[in-house]
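Okay, everyone, thanks for coming. Let me put the structure up on the screen, and then we'll walk through a few parts of it together.

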Amino acid sequence: MRIRTVTGDELPLLAELERAAGAPFAAIGMAEIAEDEPPTPEELAHFLERGVALAAETPDGAIAAYLLAEPVDGALHIEQVSVHPDHARRGIGRALIEHLAGTTDAPALTLTTFAEVPWNAPYYARCGFRPLSDAEVTPGLREIRRREAEHGLDRWPRLCMRRDLRP
């Protein structure tokens with residue numbers, strides 16, 4: 001699996017991958033998440049311009065997974081990690097996170113996630129992230145959580161997590 005930067009021409013492919021990666025949410029009673037429309041290529045272009053957009057590429061050149069991140073309050077905030085179900089449980093998501101951790105100058109990685117979905121918060125904890133207390137949530141993360149709540153994501157427990165990269 002090769003990790004590389006996403007190109008602008010590939011942004012429509014990320015939406016297709018996102019739909020497939022979201023499908024397992026339906027099986028755990030979160031059909032609204034499974035059916036949620038992914039961001040448009042125009043919305044994703046933001047990560048090419050001011051953030052990070054990484055792809056995990058299979059030997060035949062297909063994108064098996066992607067990661068989007070952008071600076072938020074001095075950390076690098078992971079907005080999305082999506083792995084196509086055909087490639088799940090092979091360490092690809094972790095490889096994307098480790099690549100990001102190893103190539104950024106940011107002191108930490110942050111993310112927001114579902115607290116009780118096995119491939120969300122428990123998975124990120126195994127990747128070295130810890131839940132943030134309310135007092136540790138920065139203004140930028142509070143704004144992200146506000147937008148998530150407006151989108152209806154607070155129907156299920158969510159939390160902010162952080163992985164420190166430097167002592």
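Predicted model: local features only at pLDDT ≥ 70, side-chain atom pairs only at ≥ 80, totals over all residues.

Let's start where two helices touch: on the α1 side you've got L11, P12 and L14, and they meet P41, L44, A45 and L48 of α3. What kinds of residues make up this contact of α1 with α3, nonpolar, polar or charged? It's 7 nonpolar, with no polar and no charged ones.

Now look at how those helices sit. Helix α1 covers residues 11-22 and helix α3 covers residues 41-50, and they pack at an angle of about 110° with their axes 9 Å apart. Angles from 65 to 115 degrees count as roughly perpendicular, so that's what we call α1 relative to α3.

How confident is the predictor, then? The chain averages a pLDDT of 94, and 100% of the residues score at least 70. Confidence is lowest in helix α2, residues 31-35, with a mean of 90, and highest in strand β6, residues 130-131, at 98.

Okay, over to the strands. Find β2, residues 52-57: 5 of its 6 residues are buried. Strand β1, residues 2-5, pairs with β2 in the antiparallel sense over 4 bridges. Strand β3, residues 63-72, also pairs with β2 in the antiparallel sense, over 6 bridges.

You can follow this through A55 in β2. A55 is the bridge partner of R4, and in β3 its bridge partner is Y66.

Last stop is the hairpin of β2 and β3. There are 5 residues between the strands, and G61 takes a positive phi near 95°.

How values were computed: Residues numbered from 1 in each chain as written. Heavy atoms only, no water. Axes fitted to C-alpha atoms, helices over the stretch in contact; angles between N-to-C directions. Parallel < 35°, antiparallel > 145°, perpendicular 65-115°, else oblique. Contact = heavy atoms within 4.5 Å. Nonpolar A, V, L, I, M, F, W, Y, C, P; charged D, E, K, R; others polar. pLDDT = per-residue confidence, 0-100. Buried < 20%, exposed > 50% of the residue type's maximum accessible area, 1.4 Å probe, protein only. Pairing = 2+ DSSP bridges.
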